[in-house]
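Here's a quick briefing for anyone meeting this structure for the first time. Have a look at it, then read on.

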Amino acid sequence: MRILVPIKRVPDPYGRVRLTPDGQVDTSDITWVINPFDEIALEEAVRLRERGIEAQIVAVGIGSAAWEEQLRAALAMGADRALLVLYEAPADPGVISHLLAAVCRRESPDLVLMGKQAIDDDCNQVGQRLAALLGWPQATFASAVEISADGAHARVTREVDAGRETLEVALPAVITADLRLNQPRYVALPAIIKARAKPLERLPASELGPCPPARVHVLKLETPPPRKPGRKVHSVDELIAALRDEARVI
Amino acid sequence: MSRLLVLAETDGAQVLPGTLPTITFAQALLRETGGRFDILLAGGPEITDATEAWRGYGAERLLVVAAPELAHPTADRIAAVCAQVMRQSGADSLAGPASSFGRDVLPRVAGLLDLPMLSDVLHVEKSGDRLAFRRPMYAGNIIATVEIEDDQGVFSVRGTAFGKPETAESESAVEKLSVDAASLPQGTTWIGLETGEQKRPELTTARVVVSGGRPLRDAETFERLIGGLADKLGGAVGATRAAVDSGIAPNELQVGQTGKVVAPELYIAAGISGSIQHLAGMKDSKVIVAINTDPDAPIFEVADYGLVADLHQAIPEMLDKL
Ligand SMILES: Cc1cc2nc3c(=O)[nH]c(=O)nc-3n(C[C@H](O)[C@H](O)[C@H](O)COP(=O)(O)OP(=O)(O)OC[C@H]3O[C@@H](n4cnc5c(N)ncnc54)[C@H](O)[C@@H]3O)c2cc1C
Ligand SMILES: Nc1ncnc2c1ncn2[C@@H]1O[C@H](COP(=O)(O)O)[C@@H](O)[C@H]1O
């Protein structure tokens, strides 16, 4: 089977994102990484293959030439080949899902395994939109994935507000990964070197056919106002008194 | 906006209270633009009994789609129903809660109808002759003001950002719509739902939340200390990703960027470092208490009251004295 894994390039989640004085994201000091949820999705694809499912894994990024860095990292983690769709105009989940749908028509995957959410825009939309555009079932927020022996279905456990839900979806389908699906492996140097020989194709987005422009426009970015400073209390008694008499919340 | 559809959050049988803030959002939006809203209740046959409680919020109609095929509201079917109802009712926009249900279904509808979508809307107001929306990005470290083309689209609404809806004088009309079961997507089979026991208030609406992190060590200690303190205060229990990952707490208790967002009157964070991702889910709480052995833990930067102490001593002492 063929598994497509979309990969987004995002700022390191453990760094703090700042704004420049004119209100843009300050990129001067950012370490770029694979979106953590996409890394989990890719790890799951590699594990499915390791569990004996014959799979070709294709990593796809939609962005600038700089995204090659994350796609190379994806190849080192175990993707067989990578596709960089060069697209530099402003994007929103509508645009990205249209481009990914076009990639799916070209690649005919049996499964799209992707992150549930990009940790920069925090939209949590692309997987669901893509499934709708393709008319495929979806299983979002996955914490466990099993492919049936005949390759026709996936059984997916999902993290939902009420607990854990299990669905069976007919393939092809879109599955989006939650945090607890797995712990991505650490990639050792030999794999990184070996990955340099793996194919990485660059494709201008225009070659995928017409794509609608972004329809969500950012007018302004701001950092939220800080909370007013609090104080240290020195004992449990002082804490209880403060909550009772000052804050009046207990 | 001429007509907005509100998608009620359901478990297939009942309409859940998480629907309320979306109604508040709908009222706020339509105050700016004029127009009307309907509420869609989609689920199994029992959903028909749920209408009464939702007639008093100023919706023009409650649109009820009840069918055995919708008893387990999977995204493909609910999205198909939503899209069909929007076409039939002439709705140009859709709003629903930014819950796991809404996050699953709403973007799928946006895909089906090719509409722009805004996730986790915090605020809406008129700016000139356009609508301006606020939403969080980068785990809430940045708040973006955005507009969408034609002011129309799909909105997921962050519950903690919108209070209770206003009640209206006249009652919404109830209209039953039929759905052609054969035309519903067949590609998803619902297998089951495992829920924890629900002996405590619901996390996202509780007045008090007590949360614990990695140093709680095991599920039994977590329950005794964090659960015990929550029960003393009549509150709900929350957890960090580290606590959930190590099996100390169930996944539905995770608070943060990728878990639940809470804003209670009182949030007690015990043994929690205060990572960006955790703060994203609780920093709008009214009063924050942090209990941590490390005086430099980032959680103290957002705490109104910080106690530098070992939680294994401080919490039993609190249980004694409260
Ligand atoms: C993509 C992504 C999404 C994430 N989403 C979330 C999310 O939604 N929610 C979330 O919570 N995290 C999330 N995380 C994880 C987050 O980055 C942190 O790793 C996590 O919040 C840390 O949990 P913690 O505070 O329990 O553990 P730690 O960071 O290990 O902190 C433990 C704290 O306990 C203190 N301590 C130790 N012993 C004691 C004691 N005896 N008494 C009192 N204090 C003590 C320590 O000083 C320390 O400050 C996410 C991470 C990523 C990459
Ligand atoms: N530019 C992109 N290129 C490739 N994949 C993307 C891109 N943007 C988003 N995605 C995928 O869509 C998922 C959800 O993104 P979002 O809906 O923006 O939160 C991400 O985890 C990625 O898998």
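A:Arg227 forms a salt bridge with B:Asp304, with the closest N and O atoms 2.8 Å apart; a salt bridge here is a side-chain nitrogen of Lys or Arg within 4 Å of a carboxyl oxygen of Asp or Glu. By that rule, 7 salt bridges turn up across the interface of chain A and chain B. Keep in mind that this is a predicted model, where local features need pLDDT of at least 70 and side-chain atom pairs count only at pLDDT 80 or more, while totals for chains, interfaces and linings use all residues. Residues are numbered from 1 along each chain as its sequence is written, chains are lettered from A in the order in which they are written, and side-chain values use heavy atoms, leaving out hydrogens and water.

**Where the two chains meet**

- On the chain A side, 76 residues are in contact with 80 residues of chain B (contact means heavy atoms within 4.5 Å).
- Chain A and chain B bury about 6,900 Å² between them, 52% of it on carbon and sulfur atoms; buried area is the accessible area (1.4 Å probe) that two parts lose on being put together, summed over both.
- A:Asp161, A:Arg215 and A:Arg227 supply 11% of the area that chain A buries against chain B, more than any other three residues.

**A strand pair across the chains**

- β9 of chain A (163–170) pairs with strand β11 of chain B (residues 188–195) in the antiparallel sense, over 7 bridges.
- Strands are DSSP runs of E, at least two residues long, numbered from the N terminus, and two of them pair if DSSP finds at least two bridges between them.
- One of the bridge partners to look for is B:Gly192 in β11(B), which goes with A:Thr166.

**Strand β7 and its neighbours in chain A**

- 8 of the 10 residues of strand β7 (residues 138–147) of chain A are buried, so this strand is largely enclosed by the rest of the structure; buried means under 20% relative accessible area (1.4 Å probe, protein chains only).
- Strand β10 (residues 173–177) of chain A runs parallel to β7(A), and 3 bridges join them. A:Gln138 has A:Val174 as its bridge partner there.
- With strand β8 (residues 153–160) of chain A, β7(A) pairs in the antiparallel sense over 5 bridges. A:Val145 has A:Val156 as its bridge partner in β8(A).
- The hairpin of β7(A) and β8(A) has 5 residues between the strands, and A:Gly151 takes a positive phi near 70 degrees there.

Key:
Buried means under 20% relative accessible area, exposed over 50%, partly exposed in between (1.4 Å probe, protein chains only). Helices (H or I, at least four residues) and strands (E, at least two) are DSSP runs, numbered from the N terminus.
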